[in-house]
Amino acid sequence: MGCGTDVDRLKSANIVMNCLGFVMIDAAFRVLGKLALGFSLAIATFSWGSVSAQGMLAGTYDPSIPTLEAVAGHKPGEKISSPIQIVDYLKALEAADPTRVRVVEYARSWQGRPLVYAVIARPETIRRLDAVKADLARLASGAVMPAAERDALVARTPAVTWLGFGVHGDEITPSDSGLALAYHLLAAQDDALVDAILTETIVIIDPVQNPDGRARFLSSFNEALGLEPQADRYAAEHDQPWPGGRFNHYLMDMNRDWFALTQPETRGRIAALQEWHPVVFVDSHEMSGDETYFFPPAADPYNPLITQAQRQAHDLFGRNRGAWFDRYGIAYFTREVFDAFYPGYGDMWPTLNGAIAKTFEQGSPRGLVYLRRNGDRLTFREGVFNNFIAALATLDTVQGERSKLLLDFAAFRRSAVEEGERARERYYVIDEAIRPGQAARLAGQLAEQGIRVARLPAGARACERTYPRGALVIDRAQPAGRLATALLEPNTPLPADFIEKQEQRRKAGLDHELYDVTAWALPLMEDIELSRCRTADLAGAQQVGKDTPPPSRADLGSGFGYAVPWTDAIQAKLVFAALREGLVASSTDKAFTTRGRTFGKGTAIFPAAGNPADLAERLSQLAAVNGGEVVTLDTSWVEAGPNFGSASFARLKLPSIAIAWDEGTAPTSAGASRWVIEQKFGVAATPIRVRTLGSADLDAYDVLVLPETTNAFASELGTSGIEALQSFVARGGVLVALGTATGALAAEDVALLSTTLENAWVEEAEAATPKDPKLGTKIADRVQYDKLIADPEASPDEAPGALVRVDTDQEHWLSSGYDRAIALVSGSEIYTPLNAAKGVNVLMFAPADQLVASGYMWSENVEQLAYKPYLMVEPHDDGLVIAFTQSPTLRGYLGGLDLLLANVILLAPSRAASGAK
């Protein structure tokens, strides 16, 4: 082949290349060792970036393999393929060459779209896929193997590379590059590298991880198209309407859902990954169109559970990928922006399972052409090509390092077992007497990720104590031990040098470099008790599966009625389910004792009188399905606390809930809040656009939830909207503000919350003294200079995200079910407490020396946040305004706050109706 060029692409990249480049690349091969063979063979068949009519690279292609154009009507990079076109094309490839392709559906989206992956390998491998999976499972088992068995396994087992594309629906080039890669692997002829890839590896292409989001993006993009695509970044085709295509149906960011497992797309993918055990995983994304291309090594900080072998592998892959990029004149960067700390990323979850997992980030055209700030035009086709090359370069490394990658993967899994065996605190033990429903929910969540969980029977001993209701035990000595450690350890420390660097950046007025939250301990987020110890007797323990039924206790007799203790979120779910069936219940705002057992405030009472004759049977059935405890009350007599006819009991009703929607609200907050209400509690939430709140019939609702708001909220709401909110509350409605919506309700023209958003705190002695600016000044040193130029109205520095302790007002019914809670704090918003004459600060942040439960927070924020409100309630006429200063529905994974949200959306309407504030 000659040195032809794709002139438009090279011009847009501002690059000039010629055949002399071969010498430079060849020198790189000598450094890369055996990778050089595969890449050098590839050069023999590839021209310098030219693109054939069929594939992304020049060469000879098998005419029996259908092109994208033949199936979808457009060439690779010419148009943006839709989710259905993507699936149809992979199925067409399978139909054309079933000996080398298998297409597998692994999930359905909320909107019913299929999520599929294509398995591509040589025919001999495809014929024995079940045997290959068994071999991969054996390598992943963490078992001690004789060297001969291990070597035989490695010799016959292809390395699996999973290439995931487009988890964010508006990141559009990765999916089409996946299709181009599939075609190239199947259709390229006389291609030594492709032959080596198909011989040494199994390639799994997951082409569209978020079909609902991609469909939403394409809908708005296609509606905005005119005579020709527009490069102007402000053109309508680039300016997505709310909520944008990034998120799935429930507006979840699925690149934060990997261990939370809230969405069907994620759960299906996690199950598939455990079936295939990939040794290499790629999560292909897009970033700002002004950027070039990112691939690992990642930026600091690194999670401490990442092994040195994995970090070294990233260097190996990165060097080879860099050589490929040099060959095609593709600009890139590494070790910046995208870190490897938070375990919920698409690259981190596979990493903690032993894979060499990586994030790719291509600058996004967000359409077909995009004018960069430097004057270059970035095309959709260029982005598709760049991702294609990145994936092909990765496969080149895998085929050249197959044996090493398999051995390293097996060693990672085995060393996880060995580290667990040596650990001083080998066992994590969860007491099932405390929030048993949430403990069981966590156990199922762990089991679904391949983490082994054992259930000890009632009365068992572990960690030198007895567990009367039994316990859940996670042994770190298992192949998924590092993942278990990452998710269960109370704290994952940031490197000291990294913290020091961030503090220095803050002093210099620069932003911190943390990409996501610094805390995610699941026991804390579920508000359950975790113990750690060296030994535990697992005799008699049973394994917990992801489909293990939720625990229920409802052996009901006859009598006055039945109590559902208000002890965890599963109990609340049970009450919601009973109310949906029309059963009658009341809730208490004070604890009571009967037959020697004390029931806390919030407990729901279902009396026999006024309910169907089969009340016991129906409650038992509901408990069996939803989980939970129901207790028979054989008498209405109580030894302490209020009787059931007391005003302390308020009649419950299934609440009618609306949620503010669309422009003016943060999509992820709106989506997560709706998901928690609908999917965790089983109660429909009606979305109403912010701009129509002023004309909506809000009297049809008991509760109106305002998710986190954006700067557009006030203008979208308008005067009529403000009046509608005020009137809704005055007539008895419950208005709920989450996070930044607190400030929106505290605004002077809204005046529904008597709190104020605070500026950053400074000691009076440190504050600059205001003076006539015309007067001369003398600045003695840099300290005084910094004081003089400091913004007196600056907000507190943004907290990257930490789990903190929250104390409760035990006298208030809104604290039902809580002594102390755990919340996640991020951002810079801190609010003043309500004056006692205006309302109640029901939950407040703990004292500074007790505040941080997990993660890292700037010391000034810790001091300023202490004793400030987390949950406030302020009555207005017949209604209530309730505000969470930090959202309890973030990402849907703060399960320990679900019961608190139930207090707000279920108990509050009944209290407002009864006149209790």
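What follows is a set of questions and answers on those topics.

Guide: This is a predicted model, where local features need pLDDT of at least 70, side-chain atom pairs count only at pLDDT 80 or more, and totals for chains, interfaces and linings use all residues. Residues are numbered from 1 along each chain as its sequence is written, and side-chain values use heavy atoms, with hydrogens and water left out.

Visitor: Which helix supplies the largest share of the lining of the largest pocket?

Guide: A pocket here is an open set of points on a 1 Å grid over the protein atoms alone, where a 1.4 Å probe fits, with protein on both sides within 12 Å along at least five of seven lines; lining residues have an atom within 4 Å of a point. The lining has 36 residues, and Ala-760, Val-762, Ala-790, Asp-797 and Glu-860 lie nearest the centre. Helices are DSSP runs (H or I, at least four residues), and α19 (496–507), α26 (782–789) and α27 (859–865) each give at least two lining residues. The largest share, seven residues, comes from α26.

Visitor: Is His-285 buried or exposed?

Guide: His-285 is found in strand β5 (residues 280–287), a strand being a DSSP run of E, at least two residues. Its side chain joins that of Asp-283 in a polar contact of 2.7 Å (N or O atoms within 3.5 Å, one able to donate a hydrogen and the other to accept it; residues adjacent in sequence count only if both atoms are side-chain atoms). Buried means under 20% relative accessible area, exposed over 50%, partly exposed in between (1.4 Å probe, protein chains only). His-285 has 2% relative accessibility, so it counts as buried.

Visitor: How do the rings of Tyr-117 and Trp-162 pair: stacked or tilted?

Guide: Rings of Phe, Tyr and Trp (its six-membered ring) pair if their centres lie within 6.5 Å; planes under 30 degrees apart are stacked, over 60 edge-to-face, the rest tilted. The whole structure holds 33 aromatic pairs. The ring centres of Tyr-117 and Trp-162 are 5.1 Å apart and their planes at 55°, so this pair is tilted.
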